[in-house]
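User: I would like to go through this structure with you, a few residues at a time. Please keep the answers plain.

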Amino acid sequence: AYSNVGHSAVVTGDGRLFAWGSGEKGRLGSDRRDVEMTPIEVGGLLSEVRRQGIKIKAVSCGFDHSACVTEDGRVFIWGGGDRGQLGQGTSATLEPVQLSGAIADKDATLVSCGRCHTAVVTQD
């Protein structure tokens, strides 16, 4: 489980990802903008990943954004990114998108989100 100002997220034992709290700026990985008092499953591209039998293994919440790592080493990110923390050249994404660019071909093992940054640890 991971929590930051305004929202929290947890990966279950079976590799599913849930979030709750403030939905502002897409923090919950959906177009829900209200406060969710109970956990909702993060969907979008992660739903397709789960249908392929791939589990989520780690999650981190920043101030306005979150990110997760799948068991096959991909990083997905969503929420507000006014300071570039999404790494996508966009200021917000309501649903998870796979991190692209230099990190896309790496085998990620861990992700950490802060107030205005995202860091990824890779195998190499």
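User: Is serine 30 buried or exposed?
Analyst: Serine 30 counts as buried because its relative accessibility is 13%; buried means under 20% relative accessible area, exposed over 50%, and partly exposed in between, with a 1.4 Å probe and protein chains only. Please note that this is a predicted model, in which local features need pLDDT of at least 70 and side-chain atom pairs count only at pLDDT 80 or more, while totals for chains, interfaces and linings use all residues. Residues are numbered from 1 along each chain as its sequence is written, and side-chain values use heavy atoms, with hydrogens and water left out.

User: Where is serine 30, and what does it touch?
Analyst: Serine 30 sits in the loop between β3 and β4 (35-41); strands are DSSP runs of E, at least two residues, and helices are runs of H or I, at least four, numbered from the N terminus. Not counting residues up to four places away in sequence, serine 30 touches Ile40, Leu94 and Glu95, where contact means heavy atoms within 4.5 Å.

User: Which backbone atom does its side chain reach?
Analyst: The serine 30 side chain reaches the backbone nitrogen of arginine 32, at 3.1 Å.

User: What about glycine 23: buried or exposed?
Analyst: Glycine 23 counts as buried, because its relative accessibility is 0%. Glycine 23 is also in the loop between β3 and β4. Leaving aside neighbours within four places in sequence, glycine 23 contacts Leu28, Arg32, Arg33 and Asp34.

User: How far is glycine 23 from glutamine 85?
Analyst: Glycine 23 and glutamine 85 lie 17 Å apart in space, C-alpha to C-alpha, and 62 residues apart in sequence.

Technical notes
Polar contact = N/O pair within 3.5 Å; in protein donor to acceptor, adjacent residues only side chain to side chain.
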